[in-house]
Amino acid sequence: MNLPDFLSYTSDHEWVRLDDEGHNVTIGITDFAQSELGDIVFVELEPVGDMFEQGEAFGVVEAVKAVSDLFMPVSGTIVEHNEMLENQPELVNVEPYSDGWMIKVALKDTSELDDLMSAEEYAAMVS
Amino acid sequence: MLKKTQLYDRHLSLGAHMSAFAGFDMPVRYQGIRAEHMAVREAAGLFDVSHMGQIFVMGDEAGALVQHLVTNDVSKLKDGQALYTLMCNHDGGILDDLLVYRLRDYAYMLVVNAANTKEDLAWMQANNEREAMLHDTSEHIALLALQGPRSLDIMARLTDIPVHDIPPYHFVRPAPGAFFGCEKAIVARTGYTGEIGLEIYVEREAAGRLWDAIMQVRTPLGLLPAGLGARDTLRLEAGYCLYGNEIDQNTHPFEARLGWITKLNKGPFIGRDALHAIEQQPRDRLLCGLIMNGRGIPRRSCRVFDTAGKPLGHVTSGTHSPVLRKGIALAYIERRDGLTRPGAQVMVDVRGRAHPATVARPPLHKQPKVQ
């Protein structure tokens, strides 16, 4: 299983990357999640500018046979969507940790990052 | 404890995603539903559908019993022919959909849904006043479906059986030992994908040999092993009913557009009187194909409305069509204002949002070009 150790993870199978300035995070779903879902055909995201609490749904990912909600790993405001997913949702399958990212979020409370799992902890959870 | 087919280890070594289906641990997908689906539409796919049930009806009364149990006219079958039919209860509700293969005038094979096999057999026994012999042979028979435009070419490379000469809904029974060492086999031009293809019934022990032989020629011919996921998207594009979704004991054949396999004039059979009465009544609702106009993937139980927001019905099966790259569905729609006709505009509620859709006649992946 591909699990970069510079990312943080949630029990809902999202990954989180803190940007260099420490204000925003990039969020996507894990390799395990995309593999469980199968061919992803549609990623529906809540609008840029909307604010969500940790654990609230920020969108839905649809595979051919399955639908899954996407949950905020941390509280914050959506500041950017991955526009490429509009026409190439399969990027989530192919490159879940790079081109397949989903949203960028302006953090409300950086201490929530402490709630997230390390690659090692996440690996133990899904194994 | 889930049952395993003879090919279980092969599925695992191919990296299949396995899932419980009708009491079996079955492959849902290997590479991915889309790739497997397109392989079947454009080249070929190989499915292990050994979970399906086989019930043999034998003896002098076999034909009369089958004719009494099912809605289609089995008396028209000759040796080596198959037909698609329904088995209904006395109220005309659908107990199962099945294929009937006539081996001899005293031997028929009924291929039923895995989840229904036990109930079907009990129903058949309860209505077996003629005392035909009934055998559930499901555990001893493996079933491989080789489907797609190249399926016959693939099989022709592997056997001397003239597979290209078998007409649709016909089958051949190779001589003992002449087909992958099988004592008994049935090679039938039947399927559930909307493509040409074969369904091959062999004794359980021979399934591995047959699977391996077909897989060996897969690369030059573009064949992929395909799971139940692709089987479902393929049948849904083709507009075929799935028992438990489109049809069940609370639906009747006419609203499911299965009147063509319901032969009210063939003579007495279980459910005929009720079905005759239903047939005389105007239909309240009809099973329709839907193609989403834009985004949104309809799923089972999604509600359907007219464009004014009045309820029309519900989705029985929905998915993303790999061919159309759009959401598609089968749905029961109230028969009013021409809304069950191809081209009619309706709305589907997908997770609280209304998405426009167009009523379409299956096969949904082959729509006539509109000028």
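Predicted model: local features only at pLDDT ≥ 70, side-chain atom pairs only at ≥ 80, totals over all residues.
Trainee: What box do the C-alpha atoms fill?
Mentor: Along the principal axes, the box for chain B is roughly 65 × 50 × 45 Å.

Trainee: And how does the radius of gyration of chain B compare with that of a compact globule?
Mentor: It agrees, because a compact globule with 371 residues would have a radius of gyration near 21 Å, and chain B has 21 Å.

Trainee: What share of the residues counts as buried?
Mentor: In chain B, 60% of the 371 residues do. The accessible surface is about 15,900 Å², and carbon and sulfur atoms hold 50% of that.

Trainee: Moving to the inside, which residues touch the most other members of the largest nonpolar core?
Mentor: That core has 53 residues, and the ones you want are B:Y101, B:L103, B:M109, B:Y201, B:I247 and B:L258.

Trainee: Where does this core lie?
Mentor: It lies between domain 1 (8-49 + 139-238) and domain 2 (282-366) of chain B, because both give residues to it.

Trainee: What is B:I247 in contact with, leaving aside neighbours within four places in sequence?
Mentor: The contacts of B:I247 are B:L86, B:I94, B:D97, B:C241, B:L242, B:A256 and B:L258.

Trainee: Which residues does the second core include?
Mentor: B:L46, B:L198, B:I200 and B:A213 are among its 32 residues, and this core is separate.

Trainee: Last one: what share of contacts comes from residues 24 or more positions apart?
Mentor: In chain B they make up 65% of the contacts with a separation of 6 or more.

Definitions and conventions. Residues numbered from 1 in each chain as written. Chains lettered and ligands numbered in written order. Heavy atoms only, no water. Core = buried A, V, L, I, M, F, W, Y, C linked by side-chain atoms within 4.5 Å. Buried < 20%, exposed > 50% of the residue type's maximum accessible area, 1.4 Å probe, protein only. Domains from an automatic or database assignment. Contact = heavy atoms within 4.5 Å. Rg over C-alpha atoms; globule rule 2.2 N^0.38 Å. Areas by Shrake-Rupley, 256 points an atom, 1.4 Å probe, with all protein chains shown as cover.
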